[in-house]
Structures are given as C-alpha cells and as structure tokens.
Amino acid sequence: MSQVSAALPVASGRETAREVWRLSRGHRLRLVTVGVLGVASTAVNLIPPIIIGFLVDRVRAGTADAGTVLVVAAAMVLSAILGAAGTAVTIVLATRVYHTILAGLREQLVRRAMTLPQHLVERAGTGDLISRTSDDVTAVADAAPAVIPALTVTAFTIVVSLGGLAALEWPYAVAFAVVLPVYVLVMRWYLRIGPRVYGAERAAMSARAQQILESQRGYATVLGLGLTEQRHRSVLDASWGVAVWTLRARVVQAMLSLRLNFGECLSLATVLVIGFVLIDSGASTVGAATAAMLLVLRLLGPINELVFVVDDLQSALASLSRMIGVATIPAEADEPAATAGAGVAVRLNDVAFRYGDGPRLFDNLVLDIPAGQRTAVVGSSGAGKTTLAAVIAGIHLPEDGTVARPGRTTLITQETHVFAGSLRDNLTLGAPAASDDDIQAALDATGAAGLLDLLPDGLNTTIGTGGYPLTDAQAQQLALTRLLLADPELAILDEATAEAGSTHAGLLDRAADAVLDGRTGLVIAHRLSQAATCDRIVVMEHGRIIENGTHDELVAAGGVYGELWSAWEAGRNMNNKAGRTGS
Amino acid sequence: MPPSIPAIPWAPADPPAVQPFAADPGTTAGRFLLRVILSVRRVTVPAALAATLWQVGEAAVPVVMGLAIDRALSTGDAGQLVLWIGALVALYVGLTTAAKFAVQLTAYAIQLLQHRLRSTLSTGVLHPVAGGAHAPDGGVVSLMTNDVGRMANGVQLVIMPIARVVTIGFIAVSLLTTHWVLGLAVLVGAPVAVWLMGVLSERLSRDTREYQGLLATTVGMATDVVAGYRVVKGIRAETEATRRYQQASQETLVGAKRNAGLLGRFLMGSGVVTGVFVAAVMGLAGWFAVDGQLSIGELIAAVGLAQALLPQIQSIANDSIPNLAGSRASSARILDALQTEVVVAPEGDDTPSVTQRPVLEVSTSSTTIRVEPGELVGVRTDDVTAARVAEALLDPRESGSEVVVRLDGIAAGDLSARDYRARVTFTPHRVTLFSGTIRDNLTVTAAAPELVTAAVRAAACDDFAADLDLPVGEDGNRFSGGQLQRLALARALASDAPVLVLHDPTTAVDSVTEHTIAERLRAVRTGRSTLLITSSPALLNSCDRVVDVPVRVGGVA
C-alpha cells in the first residue's frame, strides 16, 4: 500500500556484523567462556553412547560383571548431571550477553530516532520507524530462546559429536561427512523458499492487524456510516489471507521434513553399511557400531533443529539490520549559524526549501519576525504556512539561505499526542526539573486546572493509551500547558487551537494567550478571529509572502487579507441573524 | 510465488463461511476452550491418528537400528543387511507421510478455529450491528491476534499429547515384552518425569510471562514515543524522551537476566531428571544383559527405546503444559469480551416501521430539534451538549442517554438497528480513513459512481483529490488534517442517506475552503434531510434554520 519512496536505511551484512562486534565490547571474555563451556558440556554428553558401546562389547565377550554395570551406570548419571549443568550455564551466560547487547542497541536506536531529521522520518512514514522500534526489537528478543541454544549448544554438539565419531572409528565420521552435502542442499533449498513464504505470511499478518486496528479506531465511523458488514468482511478476508499463507508455510515445512528425513535415513543406512563392512573385516566391533548408531541418532536432532532455526536466525538478522540501519545513520551537518538583528527574533534570509526532490516550495524567502510580539500567518491550504513554521522551528533545514532563531524555539501543531504515562510525566516532558508547584501554576494559567479535579489520581493519573481517556480539546490544553512549562523564547503555534470544535475554541484560545504572554509568538491561524488579535499578520500564497503588516493596515490596503476579512465578517453577521430566527 | 509451493488441496482459497461460537453467560473458560477445540473433530481426529503414527514411527527407528545391528552386523549376513535397510527405508517413508498429514491437518485445524474465533469477535465486539455496550478499546487488536492465536493453538492438545502418550505406551509395551521390569520402570517413571518437569517449568513460564510483559511495555513505550515524534521534536524533548525510554529498557534488561537465570535452573533440573531416568533404564537393561536375561539385540533395542523416550517426555512438559495454560488464559479473555457485549437489539417482525424519509426529532431536556424531510438544519451548542447529541444519534440504544432520538415520532431505540442505520447516517467529528485508495474510501458508502464525483466537488476535495486512485496512506497520513476532514465529508455526502448528521465537519478546514463547502452543501443534499452540529458561521449560514440548544447549569442541556 505505501510506496517505498524513501524508506529508512537498512544496514548491510557487513555493517551489521561490524556494529554487533562493536557492541560486544566488554562482553568478549564472557563469550569466550560460553565457547569453552559449550564445547566441554557437549563433550560430556558424548559419554553415554560411547560407554554403552563399551558395555555391549564387554557383554558379548562375557567379561562384564556387576561392577562393570555399576561403573557404566555411574558414568551415565554423572555425565547427565554435568552435561545438564554445563549446558544450563552456557545458555544462561549467552542469553544474558545477548539481552545486554540488545538493550544497548535498542536504546541507541531510540536515541538516534529521536534526533533524526524530521523530513527523513516523514518521507519514510512514522510507521517504518515504529515497526523498527517495536516489531524488530520484539523479533530479535523473541528469537533468543531458539537462536542461542542453536548457536551455542547445538552447533557445538554437531562439531563435538563428529569429533567423537572420528575418535571412535574414523570411517563412520567419513561416512557422515559424505552425507553432510545433502543437508547443505536442503538448507539452500529452504533458504530460497522459506523466507519468501514466511515474509508473505508476516506481511499478511500486519495487514490483518491494520484492518482490525482501523475498525477499532474508526468505531464511530463504522457504526455511523453503517459499514459494519463491509468492515466485518474486510477483517475476515484479511484473517483468511494469513491462513492461506500459514498453510502454505506448513507445506514448505512438510517438504523440508521430507528432505531432512531423507538425510536421516541415508545417514543411518550408511552407518549400517559401514558397520557391516568394518565388522565383517574384523576392523571394528558390534559395540563400536552401537555407539556410532547412538551418536548419529543424537546428531540428527540438533541438525534438524539447526535447519529449522535458520529461519528464526534469518528473520532476527533481518530485524537486526533494520535496527542497526537507523541506529547508525551518521549525524547530519549542523545548520549554518545565523544572527538576527536587534529587536528581531527570527530572520529568514533568502531561504529556499523543498521536500526531498519535490518542487521548490520557497525561493528567496525573506522575513523578519519582531521579538516580543505576536505574528500571525494566514493563507489558504497549501500556501506553505505549515512548512514555514517547520523551517522556522528548525525541523526542516533550508536548501539554501539561513534562518536565525532564538536558542529555545518550540513548535506545537494541531497534532496532539498524549504519552502513555502519568499526567506529570506528560507535562514535564519539556521541563524535566519542573516541581509540582510549577505544574500547578502552569495548569492554572492555561485554564486546565479543572482537568486535575476530573482525574482520579490527580497528577499521578495514567493517561494516554490504556489510561484515562482525554478529549482532543483536553489533549491540546495539556500540550499548551506542556509548552508553557518548557518556557521557550519563541513559541510557534501551528493551528494549535484548530481541533476545538465549538465553545472550546475560546478556551483553547485563552490557553494559547497564556502561553504566548511575554514571549515572541508565531501563530499559524486558520480562523481569522485569531489572526486579528495578533500584532502583525503575514499573508502567504503559493510559498510567497504577499502581504505583511498590522490588521488595520492590511484591511485598509484592501488586498487578499482585506477580502478574506470582509467575507468572514459578512458570514458572522448573517449567522447571528439566523441564530435569532431559530426555534 | 514459485509454483513449486502448492497450497494444501483441502484448504479453500477464499474465507470459509463460519458460524460464530456461542458464549452464553454460564460458560466457564475451560468449558469454552473445550467446546472450541472439539468443534473441528473432522480435522483433529485424522490429525491425531497421523501424529500417532508419526511419533510411534520415530520411536521405532532405534529399535529397527538395534535389530539391524543384532541380526545383520553381528552375524555378517548380507541378506539380513539388505532386509533391514529396506525396513528402515519403509519406516521412514511411513513416518514422513504421517508427519506431513499431521502437520498440515493440525495447521488447518488451527487456522479454521482462528478464523471462526476472529469472526465471532468481529461480529460480537468489533462490529456489532446494533452498536455495542461500549466502543472497543485498543486491547481488541491484541485480543483478535494474540489471544485468538493462543486459544486456537489449544487444539494441538487433542493432537500431539495423544500421539505422545500413545508413543510412551508403545515404548513401555515394547520394553515389557523384552523385560517386564524395564516396561514397568517406564510406565512408572515417565509420568513422574513429566510431572517433575511440569513443576520445574511452571515457575519459568510464570516469570517468562512477566518478562514478556516488561518487554511489551518497553516496546509500547518506544511505539508511543515515536508516534508522538512530532510533538517531542516540537517541544525539543528528544533527550528527556530518550532518557525515559532508556530507564524502561534497563528495567526490561534486569527482567531478561532474571528470566535467563530461571531458564538455566529449568534446563539444569530437566536435564538431570531426564538424564538420570534414561541412565537408570539403560543401566537396568545393562544389568539384565550381564545377567543373561537380555540378548545383545534386546539390550541395544532397549537402549534405543530409552533414548526415544526423551523427546516425548520433554515435549509434553515443555510444549503441551504451557500450551494448556496459555490457551486457557486466552479463552478466559475472549470469553470475557464476548460476555460483556450484551446486545440489546430488538430484531424481528414486531418492531415498528418508519417511512423511507422520516422526520427526525432530537430532544434534549430543554429543546427539541426537528428536521423535516429535505431540510438542512444547523445546531449550535456547547461542546459537551454537542457530544451528547452526537452520541445519541450515533447509537440511540446507548442506555442512560438523556437525549432521545425519534424517527416519525417513534423512539429510535424501539426500531431495529438495521432500520435505523438505513435511514440515519452519522459522521463523527474524528476522521478515520481506511487503508486503500481515495476511491476505496469514498465508494464504501456510495450507491452510485456519479454520487462520488458530486460529493468530491461538494466537499471541495477537487483540488487535491483529482486522482482518486492515490493511496491514502496509513491512517490517511498522506493528507493534512483539513484534507482528511474534507475526504470524510465527501464520503458522507456520497452516501445519499435519507438523513445525514454531520458533527463539526470542517474544524481543520481553512476559512476560504469552508466558504466553498458551505456554498455547495445545500445543492448536493437537495431532497434529503441534513443535520449540521457546528459552530462554524459559514456552515450555519447555509442552513434553512439554526437551532440554539442552550447550556443548562452543570453543562448539559
């Protein structure tokens, strides 16, 4: 559905390996211990098959007695205990290192994500970033129980068992080595088919989640427009879309099992043939053949496991390279410093701007915003007001020209977001040191103190996802309070009070007044009543500034603003009349 | 997709028709789970049979190998060697075929159940035709994906454990025929080993759930921070947001390390239990061999069988027991969601009927808003009252509302949900677009294609929505707030509804465009009734009448 116009980068295999190596710094001694312990404990696990072979030969020779059986049993119990302990310690150590590295990486990822230039994120869509910080982090964490034993114990078991087989009777190991290419072929087949099927299955899953989420978020729309049956069908189609791919994945799994079983059967038959030849020629014993058979049987499990885990490993690696791709985006060059003149808060000097490779939105834009005053920007949709606000705030960097702005510049838009957490956490986001008294004072100033009485636990009430629900107007009131606490030199409000439907418009306007009081303000307004109260008004059209002056000057000049103003006033008057004639 | 991957022949490509599961008030979670997993017996019974053949086949491999060593290798008889290799190949062909059927049938059973459970939740919770007791929260997504998946996995409980218990029985009987003590040792020892490992895994599974909760919190926090990305950037709170995330991440790391420790204890415990058990059986067999009660062939077979016990015991303890716990817990959550949705819809023949274009009346405690057929009426009031009126129009069955909605004088609560929806279309203030193109979104309501064109023009979307085949993006993120509102308005206008209610449709639209919309609105709604809840002067100005609903003390009119 979404175009892959400018997705965020994905690290290459080499970059991923380099970054993981860098992150493993400080854990390398532990990793060496994991290797040594892993080899040792799998070696201990070889004792039972070999000692059974020994027993078989003794029994056949008639030299076994109760003492032999006791020794054999004791050795097996001891190896069971030591092997279990060694395996457990190996996996615990490896798991801890794995999670420590993952925690470091996910923190680096979020830190980098937060400082990325916004246009990169906007182009790729926040969905991409969210999927990397959530789905990918979860995928890498969830892969641990499958991947860690595979990379430590299982891999060592194969190597050590082959070694054991070679030490026991080398022809068996040679025979097994001949069978190994079958497994390599099977693995290559699986890697060609598996990821595609599993990838399609996962894509179907996210489409399904999206359909469910849309119905949930749009509950009122679905109900109000009578779309329940259509949406029900969409969800069920998406649901079965996953089923079809899951079933196909099981077909692939069955085909994989068939190939693996072929390998197993071949290995065991080879052991029988080799054993037959060796024993027939007197080069080996029945006991050794028994031990070789038991060793090969022990090998088959881990090999199958490894083939199955390759898929988990691949998907974890894909997620890892997506995380590292973002975490290691190099820092961008700083915006060239610029100074505004005395009494000027913001100075745009010949600013040119475009989104990516899109058309130029601004060309040679020149604008001074006086300090300590309130300036409004008006114009129709698409005139470039929001882009101007973002360029002034430093969220978008100009292609050419310079922007001088105060050090503490903040921007709030009509897009509200209530963070999951307490009301206090939400408000202190921009001012971590604020005391409860500061918060109370700010809430009083923006007229949001009444909200505090509504919340069951006051400042400690959990709001946001899963918490106490807030209306859009309340959320925006909090956003304005948050801004007041952050106490910026320049506050830019981009249609920040637009969400208010009816009477709350006045409430939010008063909150905005409190926020702008005593500092430089830039207001992107779509209600002319808002613009009219500002000290200066800038009118934009097609990325150019066509008028700039006070309300009275612009009305008197009779330009675009003058026309808008008279149309708006006419509407207001007629409407008042209509109101009186209503029932 | 390469044609080398055939779909399972018996699985349909289109969603099968499914009946929702009944969730009567008396049902318990366990009973509900049982009803669900027993509902696909035509799939699970053959699956269990195939799985049993598969597992017994796996256990027979060491036996066949042992016999081959005894009969062919120790005798040097080449004919026997060929015979036993043939037996081995036949065994593998059999068990592979059985495994294929078992895996695919099990997957099919799981998918059928998932689909039917999802359908049940979709009609019961996500898309109740009559409106639910309350709007579903974000938890419904997890309910319809994770919980449905976990509960449907419960169906494996009537497939794999049966196969494994039968296999343990097979091993025990095989050993009984070799030497009764060995068989008895397995019959007594295997259940004890399963029980011990179940006890060991219990603490680990509990902690794993706790750790997964922690991880979900951290991941949720990252999602939340990234979702609020623009807000964080705007307020320059990047450092603080990162610091908070780091704190949660470190707490999760502590949980992960503790969980790894418990995993180690479990691995240690289960390794010792199974290792000692198998060593004991092998030791006993060795003793009987030394004592002359077992032949070499029998000794090798006994050792092989004892080794084949391991995966069976481990799998019951590590897979089936947690599966039972997980599917029960999910069953309880799903049942809970289904049972709280009490549908109070009077459906049937005895509900009163109304005309195709009814008179709409909305009564608050102070005022009655009356909309005659074909009228365009504006309502001007405060936020809280507007929200109450909107809620009542969205779902007139919602109990406890002081606002009464009537069609042709009949209370809307007495009408069938379908009749009400067929007359009254309501557009909420909050815009939701569905994934797909603009056209996909506009045609969901449209009775005819030309209505879409007219609606696009009336809602002043013609400037940015010239190409209706553009995708709207995730949550409509391709468009600004004002554009989204105009698209939602176009969608409502395309519906050709007899009565259309619009709640604050243009709050994010600039004043110039709002004027255009106000001018075009009347023409597109000619002959149909429209109720506009708004404070916009331009929109109110275009109405036939404007009703002021006064604010009562306490905020509710």
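Hi everyone, let me start in chain B, at residues 154–173, where the end C-alpha atoms lie 29 Å apart and the span is 70% helix and 0% strand. Please keep in mind throughout that this is a predicted model.

For residues 146–166 of chain A, the model has 100% helix and 0% strand, and the end C-alpha atoms are 29 Å apart. Residues 172–191 of chain A also come out at 100% helix and 0% strand, with their end C-alpha atoms 29 Å apart.

Now, how do the chains meet? The contact draws 152 residues from chain A and 145 residues from chain B. On the chain B side, helix α8 (residues 238–290) supplies the largest share, 28 residues. By residue class, that side of chain B splits into 77 nonpolar, 48 polar and 20 charged.

Let's go inside. Which residues have the most contacts inside the largest nonpolar core? They are A:Leu272, A:Ala292 and B:Ala285, in a core of 288 residues. Helix α8 of chain B turns up again here, giving the most to this core with 22 residues. If you click on A:Ala292 and ignore its neighbours within four places in sequence, you'll find contacts with A:Leu165, A:Leu168, A:Glu169, A:Tyr172, A:Val271 and A:Gly275. Another core, of 74 residues, lies apart from that one, and includes B:Val362, B:Leu376, B:Leu393 and B:Leu394.

One residue I'd like you to look at is A:Thr228, placed in helix α9 (residues 228–280) of chain A. Is A:Thr228 buried or exposed? It counts as buried, because 23 C-beta neighbours fall inside 10 Å, and the cut-off for buried is 20 or more. From the C-alpha atom of A:Thr228 to that of A:Ala442, 214 residues apart along the chain, the separation is 44 Å.

Next, the strands of chain A. There is an open sheet of three strands in the order β2-β1-β4, with antiparallel pairing. Strands β2 (360–370) and β4 (400–404) of chain A are at the edges with a single partner strand each, so each has one side without a neighbour in the sheet. From one strand to the next, the twist averages 15°. Four bridges hold the antiparallel pair of β1 (residues 344–354) and β4 in chain A, and A:Ala352 has A:Asp400 in β4(A) as its bridge partner. Packing on this sheet is helix α11 (residues 385–393) of chain A, which touches β1, β2 and β4 and makes about 115° with the direction of β1(A).

Last stop, back in chain B. Strand β1 (residues 360–363) of chain B has B:Leu360 and B:Val362 on its covered face, while B:Glu361 and B:Ser363 are on the uncovered one. A hairpin through four residues joins β1(B) to β2(B), and these two strands pair antiparallel over four bridges. β1(B) also runs antiparallel to β4 (residues 404–407) of chain B, again with four bridges. B:Ser363 takes part in both pairings: its bridge partner in β2(B) is B:Thr368, and in β4(B) it is B:Val404.

Technical notes: Residues are numbered from 1 along each chain as its sequence is written. Chains are lettered from A and ligands numbered from 1 in the order in which they are written. This is a predicted model: local features need pLDDT of at least 70, side-chain atom pairs count only at pLDDT 80 or more; totals for chains, interfaces and linings use all residues. Two residues are in contact if their C-beta atoms, placed from the backbone, lie within 7 Å. Ala, Val, Leu, Ile, Met, Phe, Trp, Tyr, Cys and Pro count as nonpolar, Asp, Glu, Lys and Arg as charged, and the others, Gly among them, as polar. A residue is buried if 20 or more other C-beta atoms lie within 10 Å of its own, exposed if 12 or fewer, and partly exposed in between; C-beta atoms are placed from the backbone. A nonpolar core is a set of buried Ala, Val, Leu, Ile, Met, Phe, Trp, Tyr and Cys residues joined through C-beta atoms within 7 Å. Two strands pair if DSSP finds at least two bridges between them. Axes are lines fitted to C-alpha atoms, for helices over the stretch in contact, and angles run from 0 to 180 degrees between N-to-C directions.
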